[in-house]
Amino acid sequence: MTNPQTANDILSSITEHQKKELRELYAEKVKRESEALRLYEPLPFQDRYHSSHAKEILLQAGNQVGKSLAAFVEDARAATGQDPYEKYPKENGIMVCLGMDEGHIGRTIHKYLFREGAFKIIQDHITGKWRAWKPWITEDWERKAEAKPAPPLIPERFIKQFAWKKRAQHVFEICELHNGWTIYAMGSKGDP
C-alpha cells in the first residue's frame with residue numbers, strides 16, 4: 001500500500017502547462033459559483049411565482065418590489081436549463097420576449113437577461129462568498145457601499161450568437177444559446 005500524496009507532491013509532479021490549466025479550471029469554478037442565478041434568493045412572493053406550474057400567471061405587486069426581476073429570472077432559468085422546479089425542457093426550447101417597442105427590448109429585456117445588475121450582490125463577511133444583497137437587513141444596509149451589480153442572468157458562456165436589429169442600442173431579434181434554446185425579442189407596436 002502506498003502513502004497518499006500531499007498536495008505539494010502532486011503540484012511538484014505536474015507540468016507548468018497542467019498548473020496553468022488547473023488555475024484556469026479553478027477560476028472558472030469560482031466564476032460559476034458567483035453566477036447570478038446561483039446567488040438569487042427569491043422573496044416569498046417571488047418563490048410562489050417560481051414554484052407555480054400554472055400555464056398562465058399574473059404577477060401583481062407594488063412598484064420596485066421585484067416583479068420584473070422574478071419574471072426575468074424565470075426566463076433565464078428556463079433558457080439555461082437551470083429551473084429548480086424542472087418546468088421547462090433543458091434543451092431546444094423557444095422563448096418569445098414581447099416588449100412595448102425596440103427601446104423596451106434594449107433597455108429592459110436585454111438589460112435584465114444579458115447585462116450585469118439585475119440585482120445586487122455582496123461578499124458575506126463570514127464565508128467570504130458572494131451572495132444576494134439584502135437591504136432590509138441592517139448589517140447589509142450598513143454595507144451598501146460594498147454591494148455591486150450581480151453578473152448577467154444569462155452568462156456569456158451560454159450564448160452562441162445574437163441576431164441584432166440595432167446592436168448599439170442592444171436591440172436584438174434572436175439570441176441562440178449553446179443548449180439549443182432560442183430567445184426571440186419583438187415589439188408589440190409593430191404591424192400584425
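Tutor: Gladly; we will take the labels one by one and set each against its cut-off. Keep in mind that this is a predicted model.

Student: Let's start with His-50. Why does His-50 count as buried?

Tutor: Buried means under 20% relative accessible area. His-50 has 0% relative accessibility, so it counts as buried. You will find His-50 in helix α4. Beyond its neighbours up to four places away in sequence, His-50 touches Tyr-40, Pro-42, Ala-70, Val-73, Glu-74, Arg-77, Tyr-85 and Lys-87.

Student: And what makes Arg-143 count as buried?

Tutor: The cut-off is again under 20%, and Arg-143 comes to 12% relative accessibility, so it counts as buried. Arg-143 sits in the loop between α7 (138-142) and β4 (148-149). Leaving aside neighbours within four places in sequence, Arg-143 is in contact with Ile-122, Gln-123, His-125 and Arg-131.

Student: How do you know that the side chain of Arg-143 has a polar contact with the backbone oxygen of Gln-123?

Tutor: A polar contact needs N or O atoms within 3.5 Å, one able to donate a hydrogen and the other to accept it. Here the backbone oxygen of Gln-123 lies 2.7 Å from a polar atom of the Arg-143 side chain.

Student: Now to helix α5. Why is α5 described as largely enclosed by the rest of the structure?

Tutor: Because 10 of its 14 residues are buried. Among them are Leu-69, Phe-72, Val-73 and Arg-77. What covers the buried residues of α5 includes α3, α4 (44-51), β1, α6, β6 and β7.

Student: How do you know that the length of α5 agrees with what a helix should span?

Tutor: At 1.5 Å a residue, the 14 residues of α5 should span 20 Å, and the end C-alpha atoms are 20 Å apart, so the two agree. After α5 comes Gly-81, with a positive phi near 70 degrees.

Student: How do α4 and α5 pack against each other?

Tutor: Their axes are 10 Å apart, at an angle of about 35 degrees, and the crossing is right-handed. Phe-45, Gln-46, Tyr-49 and His-50 in α4 meet residues of α5 including Leu-69, Ala-70 and Glu-74.

Student: Last one: which residues touch the most other members of the largest nonpolar core?

Tutor: That core has 34 residues, and Phe-119, Leu-153, Ile-154, Leu-177 and Ile-183 touch the most other members. Helix α5 gives the most to this core, with 7 residues. As background, nonpolar side chains in soluble globular proteins tend to be buried together.

Technical notes. Residues are numbered from 1 along each chain as its sequence is written. This is a predicted model: local features need pLDDT of at least 70, side-chain atom pairs count only at pLDDT 80 or more; totals for chains, interfaces and linings use all residues. Side-chain values use heavy atoms; hydrogens and water are left out. A nonpolar core is a set of buried Ala, Val, Leu, Ile, Met, Phe, Trp, Tyr and Cys residues joined through side-chain atoms within 4.5 Å. Buried means under 20% relative accessible area, exposed over 50%, partly exposed in between (1.4 Å probe, protein chains only). Helices (H or I, at least four residues) and strands (E, at least two) are DSSP runs, numbered from the N terminus. The expected span of a helix is 1.5 Å times one less than its number of residues. Contact means heavy atoms within 4.5 Å. Axes are lines fitted to C-alpha atoms, for helices over the stretch in contact, and angles run from 0 to 180 degrees between N-to-C directions. A crossing is left-handed if the near helix is turned anticlockwise from the far one by less than a right angle, and right-handed if clockwise.
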